[in-house]
Amino acid sequence: VRVLGKHLAQACAILFALSILLCPRATLAQYGYDPSNADEQKPGIRYFGLVKDEHGALLPDVSIVLEYRDSADGPYTFAVHLFTDKDGRFHTTLPLDTVPSTVATKCFKAGYKLVQITKRPDTIGPRATVELNCVLHSIGGTPTSP
Amino acid sequence: VIDRHIANGFTSCLIGSLLAVASLPTSADPVTVRSILVASDSTSTLAQLRSSGDLDLQRRHAWKVLNELASTSVGNESTAFESWYGEGAVFSASGDPNTRGIGGFARSSGDNGVVTAHDRFAFQGVPVLSYTLYNDAAYTHIRANQLYKVAQLDRLRISGRQDEEITVDRAIPEFPAQAVVLKTAWWPVAAQRVTALPIWDPAENPNRRAGNDYTTWQRVVAIDSSNRGSKGAVTSIDFAGQVYRRVPRFGVESFFHVEVDAKLAKQLSEDPEARAASTIALGRAIRPGDILILVAANLATKEILNWVWVTFWWHDHANRGSFAAQRPSNLRAEWRHYLMQVAFDSDKPLEPDGQPHVCFNPWLEGRFPDGGHGGGMVSNCLACHQRASYPPINFLPVTRGPPDRAGDPAYAPSRLRTGFLWSIALHAVP
């Protein structure tokens, strides 16, 4: 029983380590997070994610638009325009009082069409996050006149 | 939070950022400058037009000014503003006054403290590739009076002349009547690919609380950089995540345009806002061989005390509607594709609903969010620019009509009025 228990404990440890490694929220959730950046420490809801093409390659220079109100019934509405970096990732922070379900999102790049967009809010824990991932497929461009 | 967003919007609105210029132009200046617009209407006539609010006559004058702006001279195919000074030459401690027009695009990302420099990857609102040009008279006035320096503005705030309108404030020296400032907005067109260009149609774009930026417009046309895009040809094209079918195709000859060389491509790729705008249009940075087409501009001429404010933008059906009214037939071909609005006053003539006069550019102001008095689509050039003052203050939210002298911090005592130009307040250098 002692040996079995030891093996069980080892298996649990391995499973735990794997879950840490494989869970994107635990590893890559804070894409580009830089704790030395004062802006990163401001309270807010962190939006982050990545964009891939039809081959699974990460796409740079994709527009990400987040449109939100300053509060649930506030008079102001804002649109934040971001771009994926050279690694196809982005992150930004919206005010704490924005409601993720009411934040409208867009994801586009010239010469591509949007195939999938997923939004996963996580309000558990000290920092609320919303993971936003997109898949775009190339549709080519129209050549100039011959 | 609102203040932060408003402040972040600064850089995308109005005039100016910086680079360098050490000296005023001299007689040895090798660049040919045709910088003074010759308007045939006298100052008193224009002042009368302002007080009467006669929009038809105001529009006739504005077209005259635009015609002059677009004209070329014998032996010189360049338009006047191609030789005007750019932001970089105006607001800088040192620099090269010989870099002119959009071809000399140069500005640093710095501002004088109020405006938060854009993160390379994040913008409040949608970026526009804009660049402001100053004619000889405007440039010389700013440089000779050192209005590009924060220290000088601080001095004038204490010892400058009393402002004639806002008597509790000081004012910079009055600009000469020949001064003209032009804020241009450009759209990149790919060298080897047809590029979508969004089109603003007033009937199809009702006011949105977040602003009506160009990614929200309902229609696009296709622009062919080969210059062989015959008018009327149709194609399919994508823009901002949507595919548009059977859209008309236009060649770049339908626009005022410039070809991007290696130097300009480098300058644009290093500018956060230009880089962002080109990423939206092309999905990449601008490259040598691409074309910049002029899609919109705001023009201010100091023909009257509060300046005459003219705004124009490109449209594929530019002969229709009230924005085409009174256009003269002798405009050069590409310039006949632009629609126009004009403001002599922040209030008059009143709109049909009794509200203050509206004069905005869909590219430059349409994107402003509704801050309580309406968004950019009910804004007025002068209603905004009459607030221009130092120390810098948020120019948003949109305000309408005459100045709110009691409640608006832009009219607080002991401020320096900056001659209706936000660029002086925002982009003066230490």
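Predicted model: local features only at pLDDT ≥ 70, side-chain atom pairs only at ≥ 80, totals over all residues.

Modeller: A pocket here is an open set of points on a 1 Å grid over the protein atoms alone, where a 1.4 Å probe fits, with protein on both sides within 12 Å along at least five of seven lines; lining residues have an atom within 4 Å of a point. Residues are numbered from 1 along each chain as its sequence is written, chains are lettered from A and ligands numbered from 1 in the order in which they are written, and side-chain values use heavy atoms, with hydrogens and water left out.

The pocket has 26 lining residues, and Asp163(B), Glu165(B), Asn306(B), Gln386(B) and Phe420(B) lie nearest its centre. By type, the lining splits into 11 nonpolar, five polar and 10 charged residues.

Asp169(B) sits in the loop between strand S4 (161-162) and strand S5 (170-171) of chain B; strands are DSSP E runs of at least two residues, helices are H or I runs of at least four, and both are numbered from the N terminus. Asp169(B) counts as buried because its relative accessibility is 2% (buried is under 20% relative accessible area, exposed over 50%, partly exposed in between, with a 1.4 Å probe and protein chains only). Its side chain makes a polar contact of 2.8 Å with the side chain of Arg417(B). That term means a pair of N or O atoms within 3.5 Å; within protein, one must be able to donate a hydrogen and the other to accept it, and residues adjacent in sequence count only if both atoms are side-chain atoms.

Most residues other than glycine have a negative phi, and most peptide bonds are trans. Trp307(B) has a positive phi near 70 degrees, lies in the loop between S12 and strand S13 (308-314) of chain B, and is buried at 0% relative accessibility. Arg246(B) also has a positive phi, about 50 degrees, but this residue belongs to strand S10 (residues 242-251) of chain B and is exposed at 66%. The bond from Tyr390(B) to Pro391(B) is cis, with omega near 0 degrees, and Pro391(B) is in the loop between strand S15 (389-390) and strand S16 (416-417) of chain B.

Last, the packing. The largest nonpolar core has 89 residues, and Leu197(B), Leu292(B), Ile293(B), Phe312(B) and Trp335(B) touch the most other members. Strand S12 (residues 291-301) of chain B gives this core its largest share, eight residues. Such a core is a set of buried Ala, Val, Leu, Ile, Met, Phe, Trp, Tyr and Cys residues joined through side-chain atoms within 4.5 Å.

Technical notes: Nonpolar A, V, L, I, M, F, W, Y, C, P; charged D, E, K, R; others polar.
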